[in-house]
Amino acid sequence: MAPPLKVQNLVKNYNKVQAVKNVSFELQPGEIFGLLGPNGAGKTSIISCIVTLETPNEGLIEVFGHDVTQQAKAAKYKMGFVPQELIHHGFFSAEEILEIHSGYYCIVNNRERIHYLLNELGLWEHKDKKVRQLSGGMKRRLLVAKALVHEPRLLLLDEPTAGVDIELRESLWKFVCELKKEGVSVLLTTHYLEEAEELCQRVGVLSHGRLIKLGETHDLITELTHRRVSFSLKNSLKKIHHELKTEELNNRHIFNIPYTKSIEELFNELSLGLGDVTDLKIQEGSLEDAFRYLLVEDMEENK
Amino acid sequence: MIKKRDILSFSMLYYKELRRFNKVVIQTVLTPLITSSLYLLIFGISLGKNIHLLGDIPYLAFIIPGLVMMGVLNNAYQNSSTSIISGKFSGDLQDLKITPLGDHQIIWALALGGLTRGLIVGGITFFVGQIFYYQIYDKFLLIVHPLYLVIFVIIGGLSFAVMGLCVAFWARTFDQLSAISSFILTPLIYLGGVFFTLENLHPTWQALSKFNPLLYLINGVRLGILGQSDVSLNSALVVSFGFFLFVYFIALRSLQKASFSRW
Ligand SMILES: Nc1ncnc2c1ncn2[C@@H]1O[C@H](COP(=O)(O)OP(=O)(O)OP(=O)(O)O)[C@@H](O)[C@H]1O
Ligand SMILES: [Mg+2]
């Protein structure tokens, strides 16, 4: 079966700005994929090309095998899109918006689905309010509901949690995980890297329009970050020397060890046993650390 | 080939257009009621007494078709252009691009939306005109060729709605939008013979006016209501349909090129 999304050698220029430079990646069915990068990295530009709001200058984009420029209609039925910027909609109520939006997908009687979405996204009490009477977070939820009226198999979320409170963020992610269980593939961008680490099986990291890293979230962390191991010695007079030691503070010894080295190895090299130490702490590396590392490296390469 | 799906999504957009101006019903009904009454009062009755056209048609009867068509054209244009512009403002214009609506569906939905509003306004204007006419002449103004009237009103309303769409997609600022309207449209409408016949004009202007498509649309309606006009039926038909095809083609081009993103 064709992959839910295939982006190949995508290039997008705005006049003189090269926003996206030769980016390629694919989504697998039922996968949550995170597109990460600092402001202006090109995330929104890539998504805009996928949903046909922008035309790519070069490259190929396919949604379930349908080329988005050649077979736009077929592709559009398959995908739902939550834009980064809020939309206001002058005259209509939340429920009307969803009805109209269903109509654009040729779904006439969509009441059941619409009510389901209003409920799931906590909009039920607000369904008769005009969109401009909704708060920012509610507008965001309405955008998510809108993206889902036609039961798309590919969901594109451009910073869906910006300006959204913790509770909703959690319920939103829970909902996204449910969709994933149903086999929906999700492409999301976010600046909250803990969220991405928790949700995404794979991530791609963008910097200045180039995809500088692509891989499993877990692999990225083990490849690019270190574990931080720290302990105190029972015999506080004992001296310890090791190349991976970074600090010593009030008899607290701190090490940064790569994931290739196990803690057992470290202890062996130090000729220590668990009996010699107290208060052992192990801090795993995070996606945020990996992300930071990548960006610094990228900056140095491009100096 | 036209598929059922396409008709469905088109009807939804048309329905949305209707709902949209239904929510501003005062503007839709009251405004034309007032403006057409003013025009009829000032031009049709007060000044009209001193204006004598060739032939035996009273000036009041002469301007009623012109005012009807002016209402149709202006409102068809306004409706589709404000619909697009407000979509650019709120950001929901992009919904038209990301959903499976095709270019033809978008154009037809907005064209019919504009036409519908134009017809309401045109109808009201005609109604007000009849009241004035009855007061003065003690009889109603009869429509000589209803079929012609219908054809020209419809083709004019559709063309102007489509034109509103083109301009609104093209415009990058409000200034550009109002510039088109005040420097191009309004002059063309006024010079298109709403208030005067070609015979009243200097020969140079007469010759120039022949290139104004609005002259044919407005005189087509006059032909429908009064049975006589400055242009022949055939030339009015040819120019009107040609004009519609022309703006439709431009609209297709501009939809393919246009940006649907927010201002
Ligand atoms: N319509 C446009 N016209 C010109 N330049 C643009 C346009 N949209 C984006 N850009 C430029 O393209 C680059 C990428 O922008 P993009 O919006 O894709 O970034 P992003 O990764 O989504 O950033 P953010 O995290 O802030 O949303 C930026 O340099 C931006 O200035
Ligand atoms: Mg963005």
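In chain A, strand β2 (17-27) and helix α1 (43-50) each supply at least two residues of the shell around ligand 1, helices (H or I, at least four residues) and strands (E, at least two) being DSSP runs numbered from the N terminus. The model is predicted, so that local features need pLDDT of at least 70 and side-chain atom pairs count only at pLDDT 80 or more, whereas totals for chains, interfaces and linings use all residues. Residues are numbered from 1 along each chain as its sequence is written, chains are lettered from A and ligands numbered from 1 in the order in which they are written, and side-chain values use heavy atoms, with hydrogens and water left out.

Ligand 1 is surrounded by 14 residues, the closest being Gly40(A), Lys43(A), Thr44(A), Ser45(A) and Gln84(A), where a residue is near if one of its heavy atoms lies within 4 Å. The most is given to this shell by α1(A), with 3 residues. Oxygen atoms of ligand 1 lie 2.7 Å from a side-chain N or O atom of Lys43(A), 2.6 Å from one of Thr44(A) and 2.8 Å from one of Gln84(A). Taken alone, ligand 1 exposes 630 Å², of which the protein buries 64%, accessible areas coming from the Shrake-Rupley method with a 1.4 Å probe.

In chain B, helix α2 (residues 25-46) gives the most to a nonpolar patch, with 9 residues. Leu41(B), placed in helix α2 of chain B, counts as partly exposed because its relative accessibility is 43%, the class between buried (under 20%) and exposed (over 50%), with a 1.4 Å probe and protein chains only.

Technical notes:
A polar contact is a pair of N or O atoms within 3.5 Å; within protein, one must be able to donate a hydrogen and the other to accept it, and residues adjacent in sequence count only if both atoms are side-chain atoms.
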